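Here's a quick tour for someone seeing this one for the first time. Have a look at the sequence and the structure, then read on.

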Amino acid sequence: MSATTGAAKAFGVDAKIGSIEPGYFADLVVLRSNPLAYIANASDIESVMKGGVLYPAFDLSRDLKAEVVQRQVNSLNAHNFEAFSRLFADDVELFEFPDKLIGRGLVALKQNYGSSFGQDSKSHCELLKRIAVGDTIIDHVRWTATSSERISTDVLIYEVSGVGRIRSVRILRGPTASH
(Lines give C-alpha, C1' and ligand atoms only; values in the text may rest on other atoms or scores of the structure.)
Protein backbone atom coordinates (compact mmCIF):
# COMPACT_ATOMS: atom_id res chain seq x y z
CA MET A 1 0.00 0.00 0.00
CA SER A 2 2.85 2.40 0.73
CA ALA A 3 4.07 1.99 -2.87
CA THR A 4 0.63 2.46 -4.45
CA THR A 5 -2.31 3.98 -2.56
CA GLY A 6 -0.19 5.78 0.05
CA ALA A 7 2.17 7.22 -2.56
CA ALA A 8 -0.75 8.39 -4.71
CA LYS A 9 -2.32 10.19 -1.74
CA ALA A 10 1.01 11.76 -0.77
CA PHE A 11 1.37 13.28 -4.25
CA GLY A 12 -2.28 14.29 -4.49
CA VAL A 13 -3.03 12.14 -7.52
CA ASP A 14 -5.08 9.43 -5.80
CA ALA A 15 -8.07 10.15 -8.08
CA LYS A 16 -6.23 8.54 -11.02
CA ILE A 17 -3.50 6.23 -9.66
CA GLY A 18 -2.77 3.98 -6.71
CA SER A 19 -5.63 1.57 -7.19
CA ILE A 20 -6.85 -0.98 -9.72
CA GLU A 21 -10.24 0.41 -10.70
CA PRO A 22 -12.07 1.51 -13.87
CA GLY A 23 -10.94 5.00 -14.92
CA TYR A 24 -7.55 4.77 -13.19
CA PHE A 25 -4.25 4.64 -15.06
CA ALA A 26 -3.39 1.01 -15.67
CA ASP A 27 0.38 0.79 -15.22
CA LEU A 28 1.41 -2.23 -13.20
CA VAL A 29 3.74 -5.20 -13.06
CA VAL A 30 2.29 -8.73 -12.70
CA LEU A 31 4.60 -11.13 -10.86
CA ARG A 32 4.64 -14.95 -11.08
CA SER A 33 5.52 -15.41 -7.42
CA ASN A 34 5.03 -13.61 -4.13
CA PRO A 35 7.75 -11.06 -3.24
CA LEU A 36 6.60 -11.11 0.39
CA ALA A 37 7.69 -14.76 0.59
CA TYR A 38 11.10 -14.04 -0.95
CA ILE A 39 12.28 -10.62 -2.13
CA ALA A 40 13.99 -12.07 -5.25
CA ASN A 41 10.47 -12.93 -6.49
CA ALA A 42 10.07 -9.22 -7.26
CA SER A 43 12.08 -9.85 -10.44
CA ASP A 44 9.99 -12.88 -11.50
CA ILE A 45 7.90 -10.81 -13.92
CA GLU A 46 5.01 -12.41 -15.81
CA SER A 47 3.83 -9.30 -17.64
CA VAL A 48 3.66 -5.51 -17.59
CA MET A 49 0.57 -3.38 -18.12
CA LYS A 50 1.21 0.11 -19.49
CA GLY A 51 -1.67 2.44 -20.37
CA GLY A 52 -4.15 -0.43 -20.11
CA VAL A 53 -2.24 -2.68 -22.55
CA LEU A 54 -0.85 -5.96 -21.21
CA TYR A 55 2.60 -6.98 -22.49
CA PRO A 56 3.97 -10.46 -21.72
CA ALA A 57 7.49 -10.19 -20.29
CA PHE A 58 8.88 -12.18 -23.23
CA ASP A 59 7.62 -9.59 -25.71
CA LEU A 60 9.55 -6.84 -23.92
CA SER A 61 13.07 -8.14 -24.47
CA ARG A 62 14.67 -10.29 -27.13
CA ASP A 63 17.40 -10.98 -24.57
CA LEU A 64 14.86 -13.10 -22.66
CA LYS A 65 14.31 -15.22 -25.76
CA ALA A 66 18.06 -15.73 -26.13
CA GLU A 67 18.08 -16.63 -22.43
CA VAL A 68 15.64 -19.50 -23.12
CA VAL A 69 17.95 -20.85 -25.81
CA GLN A 70 20.94 -20.50 -23.47
CA ARG A 71 19.11 -22.41 -20.72
CA GLN A 72 18.45 -25.13 -23.30
CA VAL A 73 22.21 -25.31 -24.06
CA ASN A 74 22.99 -25.37 -20.33
CA SER A 75 20.47 -28.18 -19.71
CA LEU A 76 21.89 -30.16 -22.60
CA ASN A 77 25.44 -29.77 -21.26
CA ALA A 78 24.22 -30.77 -17.77
CA HIS A 79 22.63 -33.86 -19.38
CA ASN A 80 19.28 -32.99 -17.77
CA PHE A 81 16.52 -33.94 -20.22
CA GLU A 82 13.71 -32.86 -17.90
CA ALA A 83 15.03 -29.28 -17.68
CA PHE A 84 15.87 -29.35 -21.42
CA SER A 85 12.41 -30.50 -22.54
CA ARG A 86 10.56 -27.90 -20.40
CA LEU A 87 12.03 -25.18 -22.64
CA PHE A 88 10.28 -26.51 -25.76
CA ALA A 89 6.66 -26.20 -26.87
CA ASP A 90 4.73 -29.49 -26.63
CA ASP A 91 4.35 -29.41 -30.44
CA VAL A 92 7.93 -28.30 -31.19
CA GLU A 93 9.00 -28.88 -34.78
CA LEU A 94 12.49 -30.07 -35.72
CA PHE A 95 13.78 -29.41 -39.23
CA GLU A 96 16.83 -30.23 -41.26
CA PHE A 97 17.63 -26.84 -42.78
CA PRO A 98 15.80 -25.31 -44.47
CA ASP A 99 12.38 -27.02 -44.27
CA LYS A 100 12.69 -30.82 -44.13
CA LEU A 101 10.59 -31.84 -41.12
CA ILE A 102 12.42 -34.51 -39.09
CA GLY A 103 10.10 -34.60 -36.10
CA ARG A 104 7.29 -32.95 -34.16
CA GLY A 105 6.59 -32.94 -30.44
CA LEU A 106 8.46 -33.86 -27.28
CA VAL A 107 8.73 -37.53 -28.33
CA ALA A 108 10.62 -36.46 -31.46
CA LEU A 109 12.78 -34.20 -29.30
CA LYS A 110 13.71 -37.19 -27.13
CA GLN A 111 14.43 -39.32 -30.22
CA ASN A 112 16.72 -36.68 -31.72
CA TYR A 113 18.53 -35.58 -28.56
CA GLY A 114 18.09 -38.57 -26.24
CA SER A 115 21.63 -39.92 -26.59
CA SER A 116 22.94 -36.62 -25.23
CA PHE A 117 21.44 -37.28 -21.81
CA GLY A 118 22.14 -39.64 -18.95
CA GLN A 119 24.94 -40.15 -16.46
CA ASP A 120 27.35 -41.62 -18.99
CA SER A 121 26.86 -38.93 -21.63
CA LYS A 122 29.88 -36.95 -22.73
CA SER A 123 27.98 -34.80 -25.23
CA HIS A 124 28.84 -31.14 -25.13
CA CYS A 125 27.59 -28.09 -27.00
CA GLU A 126 29.91 -25.07 -27.16
CA LEU A 127 28.41 -21.77 -28.29
CA LEU A 128 30.67 -20.05 -30.82
CA LYS A 129 28.37 -17.17 -31.82
CA ARG A 130 24.76 -16.09 -31.21
CA ILE A 131 22.57 -13.69 -33.16
CA ALA A 132 19.15 -12.64 -31.83
CA VAL A 133 16.57 -11.03 -34.15
CA GLY A 134 13.04 -10.80 -32.75
CA ASP A 135 11.72 -14.31 -32.10
CA THR A 136 14.65 -15.88 -33.97
CA ILE A 137 17.87 -16.94 -32.24
CA ILE A 138 20.70 -18.25 -34.42
CA ASP A 139 23.50 -20.22 -32.76
CA HIS A 140 26.75 -21.35 -34.33
CA VAL A 141 27.91 -24.27 -32.16
CA ARG A 142 30.62 -26.87 -31.85
CA TRP A 143 29.03 -30.16 -30.92
CA THR A 144 30.87 -33.15 -29.44
CA ALA A 145 28.77 -36.30 -29.69
CA THR A 146 28.66 -38.96 -26.99
CA SER A 147 29.16 -42.24 -28.76
CA SER A 148 31.99 -41.56 -31.19
CA GLU A 149 33.50 -38.39 -29.76
CA ARG A 150 32.64 -36.99 -33.18
CA ILE A 151 32.88 -33.20 -33.44
CA SER A 152 30.73 -31.11 -35.76
CA THR A 153 30.18 -27.41 -36.22
CA ASP A 154 26.49 -26.70 -36.78
CA VAL A 155 24.10 -23.78 -37.09
CA LEU A 156 20.85 -23.99 -35.13
CA ILE A 157 17.99 -21.60 -35.86
CA TYR A 158 15.45 -21.38 -33.02
CA GLU A 159 12.02 -19.76 -33.11
CA VAL A 160 10.97 -18.81 -29.57
CA SER A 161 7.30 -18.18 -28.78
CA GLY A 162 5.95 -15.26 -26.79
CA VAL A 163 5.47 -17.55 -23.79
CA GLY A 164 9.16 -18.43 -23.68
CA ARG A 165 9.18 -21.86 -25.27
CA ILE A 166 11.15 -22.97 -28.30
CA ARG A 167 8.60 -23.73 -31.01
CA SER A 168 10.97 -24.84 -33.78
CA VAL A 169 14.60 -25.70 -34.46
CA ARG A 170 16.22 -25.73 -37.90
CA ILE A 171 19.50 -27.64 -37.97
CA LEU A 172 22.17 -26.88 -40.55
CA ARG A 173 24.81 -29.56 -40.07
CA GLY A 174 28.39 -28.60 -40.72
CA PRO A 175 31.44 -30.73 -41.38
CA THR A 176 32.21 -33.58 -38.98
CA ALA A 177 35.62 -34.66 -37.67
CA SER A 178 36.79 -37.33 -35.24
CA HIS A 179 38.30 -36.28 -31.96
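This is a predicted model: local features need pLDDT of at least 70, side-chain atom pairs count only at pLDDT 80 or more; totals for chains, interfaces and linings use all residues.

The largest nonpolar core has 26 residues, and F84, F88, Y113, I166 and V169 have the most contacts inside it. A nonpolar core here is a set of buried Ala, Val, Leu, Ile, Met, Phe, Trp, Tyr and Cys residues joined through side-chain atoms within 4.5 Å.

Residues are numbered from 1 along each chain, and side-chain values use heavy atoms, leaving out hydrogens and water.

| Residue | In contact with |
|---|---|
| F84 | Q72, S75, L76, L109, Y113 and F117 |
| H140 | E126, L127, L128, K129, T153, D154 and V155 |

H140 lies in strand 7 (strands are DSSP runs of E, at least two residues, numbered from the N terminus). Is H140 buried or partly exposed? Its relative accessibility is 33%, so H140 counts as partly exposed, since buried means under 20%, exposed over 50%, and partly exposed in between, with a 1.4 Å probe on protein chains only.

Elsewhere, 3 strands make an open antiparallel sheet in the order 1-2-3; strands pair if DSSP finds at least two bridges between them. Strand 1 (28-31) and strand 3 (53-56) each have a single partner strand, so one side of each lacks a neighbour in the sheet.

Note on methods:
Helices (H or I, at least four residues) and strands (E, at least two) are DSSP runs, numbered from the N terminus. Contact means heavy atoms within 4.5 Å. Lists of a residue's contacts leave out its neighbours within four places in sequence.
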